[in-house]
Amino acid sequence: MNKNIRKISVAGALSALVLLLGFSKLGIIPWFSGASITILHLPVIIGALVEGPVVGGIVGAVFGIYSLVMAATSPAGALDPFFVNPLVSVLPRILIAVVAWAVYAGFCKIEKLPKIVGCAIASFLGSLTNTVLVLGTLVLIPECPLTFEVALAVVVGNGILEAAAATIISTAVVSAWKHISGRKTSKLTEETADEE
């Protein structure tokens, strides 16, 4: 399959998965104290690790636009109105892909490190990027009632758990997709070097 056609196909499939998880509510898992854990960012991480930052960024943009539209049309919480701001809803979701891809590409250049370790760390940090940037941006908006202390509590209570789930699921999917294992590698493979 042509490289560009493959990238378009993967971006389309993962974007559709984001929308499916969002509209079906399967991507939002209820958690304690009325909070919830999302797995909507997993397709973004997977897209970035499998096909690079552009594909991951496209999927992230779809995730962000979905969040923005839902906040504008069906706000469900006190913070939802602030998600109509693209700096809250869209930009952090695009940066998930950039961070995950950059971390993975960097770790894959370490010859003695198994690529699966780089994949796990990239997934964890990509997920945290979403949590930290969204909450951080909300804290910086003067009209937003979210305080730094509450945002920090959400990072600890929800963000770490989301990142752990992202690490397990994304690493499993990407490892199977790219046929990588815990074995050490001696060179940067063609798959890893398949960058934009």
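Select threonine 38 and show what surrounds it: leaving aside neighbours within four places in sequence, it is in contact with Gly27, Ile28 and Glu162, where contact means heavy atoms within 4.5 Å. Threonine 38 lies in strand β2, residues 36–38. Strands are DSSP runs of E with at least two residues, helices are runs of H or I with at least four, and both are numbered from the N terminus.

Before going on, note that this is a predicted model, in which local features need pLDDT of at least 70, side-chain atom pairs count only at pLDDT 80 or more, and totals for chains, interfaces and linings use all residues. Residues are numbered from 1 along each chain as its sequence is written, and side-chain values use heavy atoms, with hydrogens and water left out.

The backbone oxygen of glycine 27 lies 3.3 Å from a polar atom of the threonine 38 side chain. Is threonine 38 buried or exposed? Threonine 38 counts as buried because its relative accessible area is 15%; the cut-offs are under 20% for buried, over 50% for exposed, and partly exposed in between, with a 1.4 Å probe and protein chains only.

Next, select the cysteines. How many disulfides does a search of the whole structure find? The search finds zero, a disulfide being a pair of cysteine sulfur atoms within 2.5 Å. For cysteine 119, the nearest cysteine sulfur is that of cysteine 108, 8.3 Å away. Cysteine 119 has 0% relative accessibility and so counts as buried. Cysteine 144 is also buried, at 8%.

Move to helix α7, residues 148–178, and pick out tryptophan 177. With a relative accessibility of 39%, tryptophan 177 is partly exposed.

Finally, zoom out and colour by secondary structure. The protein has seven helices and two strands, in the order α-β-β-α-α-α-α-α-α along the sequence. Of its 196 residues, 44% count as buried. Among contacts between residues at least 6 apart in sequence, 72% join residues at least 24 apart. The accessible surface comes to about 9,600 Å², with 73% belonging to carbon and sulfur atoms; areas come from the Shrake-Rupley method with a 1.4 Å probe, and for residues only the protein chains shown count as cover.

Terms used: Polar contact = N/O pair within 3.5 Å; in protein donor to acceptor, adjacent residues only side chain to side chain.
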